[in-house]
Every structure is written in C-alpha cells, then in structure tokens.
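I opened this notebook to keep a record of what I look up, one entry at a time. I shall begin with the model as a whole and then go through its chains.

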Amino acid sequence: MDQFAVKVFVRLRPSVLDPAGEATKSASIKLGAEGIKSLRIGKMIEVKIEGNGENEVREKIDLLCDRLFANTVIEDYEYSLEKL
Amino acid sequence: MDNFTVGVVVFPGSNCDRDVSWALEGCLGIRTKYLWHESSDLSDVDAIVLPGGFSYGDYLRCGAIARFSPLINALDEFVKSGKRVLGICNGFQILTESGFLPGALVANKNLNFICDDVELDIVSSKGSWFNNEDEKQTIKLPIAHGEGRYHCDSDTLKKLVDNELIALRYKNNPNGSSFDIAGITNEKGNVLGLMPHPERACDETIGGTDGLFTLKSLILK
C-alpha cells in the first residue's frame with residue numbers, strides 16, 4: 001500500500017458572488033494594501049490516504065471531491081497529490 | 001386521517017424540531033413523531049418535515065453532512081412514492097445538497113444573519129402548499145438565516161420558471177437570492193423547500209398565522 005498526501009482546493013465558481021471575499025478585500029484596502037483587484041475565499045482540505053498506486057487514490061479523491069468536499073452547483077475543485 | 005403522522009427529523013444541531021412539532025400538534029392537532037437521523041425506517045410516518053437549525057454544526061457546507069445520514073438515504077423512496085416532504089431553512093439546504101431540489105443556498109449577500117419578518121409572493125400552486133386562490137397573494141413569514149441566498153445557473157432558473165417550480169418569492173429580497181427565490185418545489189410538487197419558517201407563524205400571539213396553511217397541507221395526498 002502506498003500513502004499519499006493530498007491537498008484539495010475548493011473554490012466558489014466565478015459566477016457565484018463571494019461576499020466574505022468582498023468584505024476581506026475591503027478590510028485589506030483599509031489596512032493599506034494597494035492594488036488588490038480581486039479577492040476570493042476558498043477552502044483547502046488536507047487528506048492522508050492509502051491505496052494501491054496513484055490511480056486508485058485519484059479515483060477515491062475524485063469521488064470525495066465530487067460528492068462531499070465540493071458542491072459542484074456552486075464550487076469548483078482541484079487537488080495536488082504527493083506520494084509519501 | 002386520524003392516524004396521519006408527520007415525521008419531524010432530528011439531526012444533531014437541529015433546533016426547530018420542537019417548534020415544528022408544537023405547531024403541528026398544538027395549533028393543528030396533527031400527530032407528529034420525532035425521527036432520529038440514524039433511523040431509516042419511515043414506514044409509520046405519512047409525511048416528513050426537515051426542520052431548521054444547524055445540522056452537524058453546518059460543517060463543510062450547510063446540509064452537506066446531513067445528506068449522508070441513513071434517514072436522508074431512505075428519503076429517496078419516500079419521495080418517489082409521492083409522500084410529502086417539507087424542508088424549512090436548514091431542511092431546504094439539506095434538500096438541495098442531497099439533490100431532491102435543484103440549486104444551492106449560500107451566504108447572504110450582506111453577510112448578516114438576518115432575523116426578520118418578510119413579505120412573500122405566492123408564485124405557484126404546484127403541490128398546493130400555499131393558499132393562492134386569489135390571483136396573486138402575499139403572505140408574511142419570519143426568516144432567520146445566514147446562508148439563505150438561493151443560487152442556481154441560468155438553465156436551472158429557466159427550468160424552474162418554465163415548470164412553475166418557484167413557490168415563493170421575496171417582495172424585498174433580503175439576502176441576494178437569484179430571482180428573489182424564497183422557496184421551490186420539485187416537479188411532482190410533493191417536495192417543498194423554503195427559507196422562511198412557517199412554524200413560527202402559526203398563532204396570533206406570536207405575530208401571525210400565515211404559516212398554518214403550509215403545515216396543514218402536509219396532510220394532502
């Protein structure tokens with residue numbers, strides 16, 4: 001069995017308004033940071049997972065992302081995978 | 001009819017289950033039964049309410065974890081049999097997360113948790129969940145949510161409009177919902193999800209009775 005460290009990034013789709021991102025952008029400007037054109041907030045999920053090779057692990061992660069980690073009506077996801 | 005029983009689902013974090021039960025039993029004389037989320041036996045209830053609250057602490061997304069409970073798994077057959085399911089607030093979020101209703105509920109546009117009475121237009125008679133004998137009727141119901149902004153893509157919105165699946169629209173959109181949507185039904189009409197709380201508008205002493213009709217309609221076949 002191989003072990004993998006997976007980092008899943010879940011983001012609101014570009015068409016979905018992100019009010020928390022807007023509020024954070026506004027605070028960033030108040031802090032004095034200049035030049036911020038856009039700021040959107042997502043989630044990062046770290047998973048350690050075992051499986052027989054990368055393909056099998058990718059299948060499991062795809063299922064998790066599609067059915068649980070992200071709601072694909074409003075969110076997109078991508079992930080990176082590192083063999084431990 | 002005398003034995004008609006409405007199942008009120010209880011998740012860890014539900015907080016309107018008792019209100020719903022009180023409104024059904026105390027105001028309408030309809031028998032209720034609490035259904036723990038780990039139960040998958042729905043054989044002795046005739047309709048189901050998914051009440052408001054914060055199931056599983058709203059972890060990940062509102063309704064996202066509740067979707068995987070044994071009870072929600074069993075709900076598919078219940079809905080297919082034509083029995084009625086009402087999802088209020090967090091219940092609506094669970095119904096969208098689990099695919100019984102299209103779209104999703106996301107954070108309010110102004111980021112506030114909004115606690116208010118809102119005016120709503122009854123748009124569709126599908127499922128007979130609302131009293132809309134008049135051409136266009138308005139009701140007033142309380143809302144209490146932080147994630148009540150209905151979102152769907154334009155194709156889904158067109159489908160909702162064309163098939164008359166939009167049940168309620170806000171008169172003054174409080175949360176930024178697409179097309180002012182406050183509640184929708186499935187195509188058959190036996191599943192209704194809405195952000196406002198009809199169970200909090202069932203007695204004049206607490207500010208109105210506009211929610212009675214919807215709760216009463218749970219007993220329709």
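The entries below follow the order in which I looked things up.

**Entry 1, the model.** I noted before anything else that this is a predicted model, and that it scores ipTM 0.84 and pTM 0.93. For chain B I looked up the confidence as well, and found an average pLDDT of 94, with 98% of the residues scoring at least 70.

**Entry 2, chain A.** I went through the elements of chain A and found 2 helices and 3 strands, which run β-α-β-α-β when I start from the N terminus. Chain A is more spread out than a compact globule, because its radius of gyration is 16 Å, well over the 12 Å that the globule rule gives for 84 residues. I also looked up the box that the C-alpha atoms of chain A fill, and along the principal axes it is roughly 50 × 30 × 15 Å. Buried residues make up 14% of the 84 residues in chain A. Of the contacts in chain A between residues at least 6 apart in sequence, 71% join residues that are at least 24 apart.

I asked myself how many residues of chain B are in contact with chain A. There are 13 of them, and they touch 9 residues of chain A. Sorted by class, the side of chain B that touches chain A has 6 nonpolar, 4 polar and 3 charged residues.

I traced an open sheet of 9 strands in chain B, in the order β2-β1-β3-β4-β11-β10-β9-β6-β7, with mixed pairing. β2 (31–36) and β7 (138–145) of chain B stand at the edges with a single partner strand each, so one side of each is left without a neighbour in the sheet. From one strand to the next, the twist averages 25°.

I then asked which residues form the covered face of β7(B). They are Ile139(B), Leu141(B), Ile143(B) and His145(B), while Thr138(B), Lys140(B), Pro142(B) and Ala144(B) form the uncovered one.

Notes: Residues are numbered from 1 along each chain as its sequence is written. Chains are lettered from A and ligands numbered from 1 in the order in which they are written. This is a predicted model: local features need pLDDT of at least 70, side-chain atom pairs count only at pLDDT 80 or more; totals for chains, interfaces and linings use all residues. Helices (H or I, at least four residues) and strands (E, at least two) are DSSP runs, numbered from the N terminus. The radius of gyration is taken over C-alpha atoms; the globule rule is 2.2 Å times the number of residues to the power 0.38. A residue is buried if 20 or more other C-beta atoms lie within 10 Å of its own, exposed if 12 or fewer, and partly exposed in between; C-beta atoms are placed from the backbone. Two residues are in contact if their C-beta atoms, placed from the backbone, lie within 7 Å. Ala, Val, Leu, Ile, Met, Phe, Trp, Tyr, Cys and Pro count as nonpolar, Asp, Glu, Lys and Arg as charged, and the others, Gly among them, as polar. pLDDT is the predictor's confidence in each residue, from 0 to 100. Two strands pair if DSSP finds at least two bridges between them. Axes are lines fitted to C-alpha atoms, for helices over the stretch in contact, and angles run from 0 to 180 degrees between N-to-C directions.
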